[in-house]
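Biologist: I'd like to learn how to read helix packing and chain contacts in a model. Could you walk me through an example?

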Amino acid sequence: MGLYLARRALSLTLSLIVASLVIFAVIEVIPGDPAAYMLGLNATEDTLAALRADLGLEGSKVDRYLAWVGGMLTGDFGISYTYRVPVADLVADRLWVSLPLAAYALILSTAIALPVGIIAAASRGSVADYGIMGATQLCIAIPNFWFAMLLVLLFAVTLQWFSAGGFPGWDDPGAAIKSLTLPAVALALPQAAILARVMRSALLETLDQDYIRTARAKGLSRGQAVLRHGLKNALIPVLTIIGLQFSFLIAGGIIIENVFFLPGLGRLIFQGITQRDLIVVESVTMLLVFAVILVTFLVDIAYALVDPRLRRR
Amino acid sequence: MRRLPTALLIGGAISAAFALLALVSLVWTPHDVATLTIANRLQPPSPAHPLGTDQFGRDLLSMLMVGSQTSIAVAVVAVGIGLIIGVPLGLAAAARRGSLLDEVIMRGNDLIFAFPSLVIAILITARYGPSATNAILAIGIFNIPVFARVARGSALPLWTLDYVMAARTAGKGAARISAEHILPNIANLLIVQATIQFSLGILAEAALSYVGLGAQPPVPSWGRMLAEAQTMIYTAPMLAVLPGLAIVLLVLGLNLMGDGLRDALDPRLRRGRV
């Protein structure tokens with residue numbers, strides 16, 4: 001286990017280094033002056049020079065990269081050019097919208113998908129199975145941001161059960177959770193569809209296994225055998241997909257936050273883009289990529305804990 | 001001949017219908033989408049405008065038809081990038097299994113996979129300006145590892161087969177064997193994967209256009225039509241519904257076609273599919 005952990009940690013570090021190099025390259029190395037881009041066409045030579053000095057553009061690229069990475073390691077994400085406050089402060093507030101949203105969506109997606117997948121597998125070939133598979137096929141094809149708009153149309157415009165957007169803050173947890181509900185549902189549905197299909201096929205796979213036959217021979221009904229022995233094994237592929245989905249939910253949240261005007265990391269990135277605040281864009285992107293890579297790492301570790309076979313590879 | 005899977009027929013028909021619409025719209029649309037007739041704005045469906053008009057008086061059906069060009073073109077080129085770069089990489093990795101080349105290609109793939117594609121797409125379009133070309137690049141880059149992986153995975157078992165051995169004895173090099181003997185045998189899988197990536201490309205393009213990072217005005221695109229409709233969701237809900245339906249229908253058609261193709265081309269995969 002120690003060796004496995006060390007190898008995974010090494011690959012985590014490598015991924016992060018490459019990710020930071022790519023982001024740095026896209027923003028700062030490839031031709032074009034970031035300062036000129038940020039200030040637009042009407043910038044004077046003086047303001048350009050001042051911003052270049054601000055950004056440290058006069059120094060060598062290697063120095064700048066090291067300063068950026070070193071800063072992030074100590075929690076210094078740079079100063080936002082438009083807000084004039086540390087990016088770390090901007091991020092801290094918004095994290096409390098983006099992370100709960102992703103977690104909420106993950107819980108919803110899992111809570112919907114697992115029972116639905118199990119029902120479909122248990123009634124393979126029946127009308128219920130075909131209905132479920134058809135519905136999941138449809139849900140996979142729905143862009144989550146459009147589904148979000150339909151939810152707004154139905155629950156905010158027509159029924160007026162929810163507000164169409166905005167976030168009241170965590171002072172009133174009930175209101176906060178309520179305002180995250182429509183976004184979380186919009187994020188969760190396409191993911192739940194994928195997960196339900198994975199659950200179904202993983203469970204069907206176990207039905208042909210010897211241990212199920214043994215359990216049946218010992219007198220368990222088909223349902224009991226599947227629930228007691230099949231489900232545990234079927235959960236392995238399901239867990240992988242859940243892990244992958246969390247990273248997708250973090251990224252997918254960027255778009256959904258825009259539909260509902262939620263003050264999360266996604267809004268921050270887009271504000272950074274429209275205001276040409278490359279410092280914000282660069283650091284927040286790195287943070288998102290870090291979150292995604294870290295989750296993948298944790299899933300790998302969780303996996304190895306559950307399934308000893310993986311440690312030996 | 002074996003009966004074609006129903007999914008393939010339905011999916012193929014939907015996809016072909018959209019392709020046809022896009023092609024027709026190149027030469028003809030019911031109305032010109034470049035002319036704005038404010039007097040005609042937000043008309044309900046009528047014989048002249050079967051789906052009604054938008055906030056600038058443009059015919060919605062025509063807009064949707066022209067919008068399909070953008071979606072399809074972006075997705076096609078993005079899949080093309082994945083195929084043209086990814087497949088040779090995958091074949092090369094399979095031909096030199098376990099070599100440094102193989103390691104480098106596969107680790108590079110892992111890294112791209114670890115990135116949230118949407119975030120990088122946003123990064124690219126943020127730095128180089130929003131445009132259809134940048135959207136294509138951003139989506140296409142993430143198709144490369146997908147095709148490399150499929151090509152490598154399906155080519156590996158073929159290298160142990162007798163006919164490949166025979167070709168080697170006949171003095172053919174790895175590149176020639178890959179092109180002449182391996183590629184034709186993995187083409188089925190690549191076609192199925194291309195269909196899947198195509199539908200993912202449509203969704204990605206819609207998302208990028210929706211947040212304003214895809215095709216720019218005046219080029220109509222489904223994603224941007226949705227973004228514009230959102231501001232008028234109280235007054236003209238249909239504007240928010242129709243472009244979304246178009247996306248869902250096309251993606252559904254492509255997914256069904258992909259499933260159907262997989263069944264038709266490789267019956268072994270029929271079981272245990274997700």
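Predicted model: local features only at pLDDT ≥ 70, side-chain atom pairs only at ≥ 80, totals over all residues.

Biologist: At what angle do helix 9 of chain A and helix 10 of chain A pack, and how far apart are their axes?

Modeller: For a helix pair, start with the axes, then go to the residues. Here helix 9 (residues 210-217) packs against helix 10 of chain A at an angle of about 150°, and the axes are 9 Å apart. The crossing of helix 9 of chain A past helix 10 of chain A is right-handed.

Biologist: Which residues of helix 9 and helix 10 of chain A meet?

Modeller: From helix 9 of chain A come A:Tyr211, A:Ile212, A:Ala215 and A:Arg216. Their partners in helix 10 of chain A include A:Arg222, A:His229 and A:Asn233. Sorted by class, this contact has 5 nonpolar, 3 polar and 2 charged residues.

Biologist: How do helix 5 and helix 10 of chain A cross?

Modeller: The axes of helix 5 (residues 87-122) and helix 10 of chain A come within 8 Å and cross at roughly 145°. Helix 5 of chain A also passes helix 10 of chain A in a right-handed crossing. On the helix 5 side, the residues include A:Ser98, A:Leu106, A:Leu114 and A:Ala122. They belong to a set that meets residues of helix 10 of chain A, among them A:Arg222, A:Leu231, A:Phe246 and A:Glu257. The contact divides into 15 nonpolar, 4 polar and 2 charged residues.

Biologist: Now for the chains. How many residues does each of chain A and chain B bring to the contact, and what area is buried?

Modeller: Chain A gives 47 residues and chain B gives 38 residues. About 3,800 Å² is buried between chain A and chain B, with 77% of that area from carbon and sulfur atoms. On the chain A side, A:Phe145, A:Trp146 and A:Met149 lose the most area to chain B, together 16% of what that side buries.

Biologist: How many salt bridges and polar contacts are found across the interface of chain A and chain B?

Modeller: The rule finds 0 salt bridges between chain A and chain B. It does find 3 residue pairs in polar contact across that interface, both residues at pLDDT 80 or more.

Biologist: Which helix of chain A gives the largest share of the side that touches chain B?

Modeller: That is helix 1 of chain A, with 8 residues. Other helices of chain A that each supply at least two residues include helix 7 (144-158) and helix 10 (222-259). By class, the side of chain A that touches chain B has 37 nonpolar, 6 polar and 4 charged residues.

Terms used: Residues numbered from 1 in each chain as written. Chains lettered and ligands numbered in written order. Heavy atoms only, no water. Contact = heavy atoms within 4.5 Å. Buried area = accessible area lost by both parts, 1.4 Å probe. Salt bridge = Lys/Arg side-chain N within 4 Å of Asp/Glu carboxyl O. Polar contact = N/O pair within 3.5 Å; in protein donor to acceptor, adjacent residues only side chain to side chain. Helix = DSSP H or I, 4+ residues; strand = E, 2+ residues; numbered from the N terminus. Nonpolar A, V, L, I, M, F, W, Y, C, P; charged D, E, K, R; others polar. Axes fitted to C-alpha atoms, helices over the stretch in contact; angles between N-to-C directions. Left-handed = near helix turned anticlockwise from the far one by under 90°.
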